[in-house]
Amino acid sequence: MTQITLHVNGRDRSVDLGDPETPLLYVLRDDLALHGPKFGCGHGQCGSCAVMVDGQAVRSCTVKAASVKGKITTLEGLGSPEQPSKVQAAFIAEAAAQCGYCTNGMIVAATALLGRNPRPKEVDIRTALAGNLCRCGSHVRVIAAVLRAAKEG
Amino acid sequence: MKRRSFLQGAAGLVVAFSIPRFAEAGPSTVETDSVDAYLAIAPDGSVTVYAGKVDLGTGARAAIRQIVAEELGVRPEKIAMVEGDTALTPNQGGTGGSTGIMVGGIQIRQAAATARQGLINLAAARLKQPADALVTADGAVVPRAGGSGIGFGALVKSGRLDLAVDKNAKLKNPDDYTIVGKSLARPDLPEKLTGRHDYVQDIRVDGMLHARVIRPPAIGAKLQNVDAASIAQIPGARIVRVRDFLAVVARREWDAVRAMRVLRATWSEAATLPGSETLFDTVRSTQVARTETLRNTGDAASVFAGAGRVLKASYRWPIQSHASMGPSCAVADIRDGGGTVWTAAQGTHRLRQVITQLLGLDMAKLRLIYKDGSGSYGGNGNDDVAFEAALISRELGRPARLQWMREDEHGWDPKGPPQLLDLRAALDPAGEVLAWETVAMVPQNNPAPTGAPLLAAVAGGFVDGSGMSSGLTSLNADPPYLFANARTDIKWLATTPLRPSALRAPGKIGNVFAVESFIDEICAETHADPLEFRLRRLKDPRAIEVLTRVGQMMAWKPRTTSPSRGGAMLRGRGISYMRYKQAENYVAMGMEVEVERNSGHVRVTRVVCAHDCGLMINPDAVRAQIEGSIIQTISRTLLEEVKFDSRRVTTTDWASYPILTFPEVPKLEIALIDRPHERPVGVGEASTAPVAAALGNAVFDATGMRLREVPFTPQRVKAAFAASA
């Protein structure tokens, strides 16, 4: 057993890893019951598993849990149905999801974008989300939601 | 009453958010002809809707509530909803073919109308007033003239109405609608977008093991030997084998992944596939199981026999994957001849029958509970993974959660099959179409009793693998225009290289691609304007309206060639039209594209769409479905093609099977035409169908090159430029 401590959503969480190579995603979903980040591809290709680490969007399916020293924020840590974050509220207002499976990654990537660029242009949003895949085709609403969040920021 | 004997224990308990354990549910098939099958009313007047069809991310969860709220007279937020649970919901058929509202919603609407009449009758006796002096509003029956009424809960103390659904129960006049037709917010989004919503991937059951499947290196390979020692160092990892079906389980999910990766197994050689490089040669040489004449007007054969000027073209649609964002997943607990499967399958009731048959269970003891999954667009891996999870659980005698990996989903989901269409048109000197002919080649539909052969059902020796089904793939292979002589034949092929299934708007996208591109070819050949040509050959005012609207939105002016054809960046525009299944939605589409001469890169810059689906329950949900349909189909048209060698699929991730990304997504302008007095038809598929033709027609306008094979990859476009130079 490899015991590690992760800083997740404002709390220190101690976890017995089992395999020291365990990706962060499995620790979040299985050990900490945080289901915001989703398993999409396991290769860092789609973005469904993204979480914030110190304000940056990180793909939790390819990063080893034991290597993460920073502050992790998951979709749950950003906000709740009762008190959604600015970005989450904008996504809800724009109905910027269909199945909603990939949307975790969109919200995380958009939150990270607004952290470094509070007034992005549409082209900046498209570029920032270029590595986030969506199969249902909610893209135009996602762009509208990020623009709305920026405007209301 | 078979389902809700358990409901009565707690005086009309509403079960939406605390679904009881299966053991308490009793015999578990819900009838479909009683109001109680669809609706339950609690003492506080709140209502639970039981829907056999499910919300796949479409907004049906809002729309069905709106239908019931409107027809019954109750606020939508007082309505809870249970979807697709086989112990609690009536079997309304699977959620496919855009039938969620068109069939499922309409059945529920009739139940609600019957319930309203029943509630009014109950209140009439209590209030000693004639029924026609009473109306329902806000969960109560009240006198039309005003005054105090009686709440639904007080009228129906048992929670049950004991009424057969009355096919003639009077429906509300759409002119009086106050809830249907409004864009109510989807109730599931706040939880989905904050991580609180339970997807099927999030279900955890006590004592559950995590499972992963090991696929053979080649389709049809036999498992010869498994080396258990190869996973001995992984804590608790175990092998589950049923003939050629191979899986590993472990208590920790990551350990199951590791075991899957390091397990050593020996398989027989198999090389049964023809390879994707020669796909359409394969299709053309496949045995025809039967030929069906879909439509035959006049005498096209005689006209062709004597025709001087005949235009011919063949169109090709490749094999494509559902490519769901989340690989399929299911949780199963199968013991003692029954149990529970949590699944995102689109047809839980049918799948319950299939699993019952395959595993020899007692259907009354098997319950499938629908949980949202990653979006599915037809038969992706959900049926497979549910059966595999059930099989693994049965072998273990304990609950199992099976999560497919990306390679399982891309590599092994049943595919949208290839389509090949040969088209001919006989033209007179003035450019009139004297005769039209479509010959479409698609795989036959001959499903086995257990549906399409599930991977593990074949590998485990439960079925022989025969039978296949990919939906209503022949429809829209005939042109929608008034031609005096037109014949459409479907050659139903005996086999197809990869296991097929219904993929969103099955067949219709490829068929409309061929038909509407060929119309454009005729226009180019006869110097006709594509908009005017179509309008002149349509009679139905709804068809004419959608096309006219698109023409206006595009500021369409007749021209013979794009003004930009000479440069490095070529720009063009194209239109297309179809009526879905020649019976449902009217959709016209216009596109503007840029084609980069050097790279062959095609980019859609603008899409306009006019869409008429009759009554719209929730216009924003309609709009979202159209947006998704357009974006997904642009992706399929520009990028998507499943490739395979002689052994297996080789496009098994997002790098080898790319989809459209944010920088490439065009501007969308959608005109929704509301016809509240027309029946509502489904919106999940129709607007996919005209996409590829509008895109191809725009590329032709830009370049003068006709692309007749999807996808329009840069390599293919460059090759076309080279060939035309």
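**Figure 1. Charged side chains of chain A in the predicted model.** Chain A carries 17 positive and 13 negative side chains. The centres of these two sets are 8 Å apart.

**Figure 2. Helices and strands of chain A.** Six helices and five strands make up the elements of chain A. Read from the N terminus, their order is β-β-α-β-β-β-α-α-α-α-α. Among the contacts in chain A with a separation of 6 or more, 54% join residues 24 or more positions apart.

**Figure 3. Overall dimensions of chain A.** The C-alpha trace of chain A spans about 45 × 30 × 25 Å along its principal axes. Of the 153 residues in chain A, 57% are buried.

**Figure 4. Close-up of A:Ser48 and its contacts.** A:Ser48 sits in a loop of chain A, between α1 (24-31) and β3 (50-53). Is A:Ser48 buried or exposed? Its relative accessible area is 0%, and a residue counts as buried under 20%, so A:Ser48 is buried. Neighbours within four places in sequence are left aside in the contacts named here. In chain A, A:Ser48 is in contact with A:Pro37, A:Lys38, A:Gly40, A:Tyr101, A:Cys102, A:Asn104 and A:Gly105. From chain B, B:Met325 is also in contact with A:Ser48.

Methods:
Residues are numbered from 1 along each chain as its sequence is written. Chains are lettered from A and ligands numbered from 1 in the order in which they are written. This is a predicted model: local features need pLDDT of at least 70, side-chain atom pairs count only at pLDDT 80 or more; totals for chains, interfaces and linings use all residues. Side-chain values use heavy atoms; hydrogens and water are left out. Helices (H or I, at least four residues) and strands (E, at least two) are DSSP runs, numbered from the N terminus. Buried means under 20% relative accessible area, exposed over 50%, partly exposed in between (1.4 Å probe, protein chains only). Contact means heavy atoms within 4.5 Å. Lys and Arg count as positive and Asp and Glu as negative; His and the chain ends are not counted. The place of a charge is taken as NZ of Lys, CZ of Arg, CG of Asp or CD of Glu.
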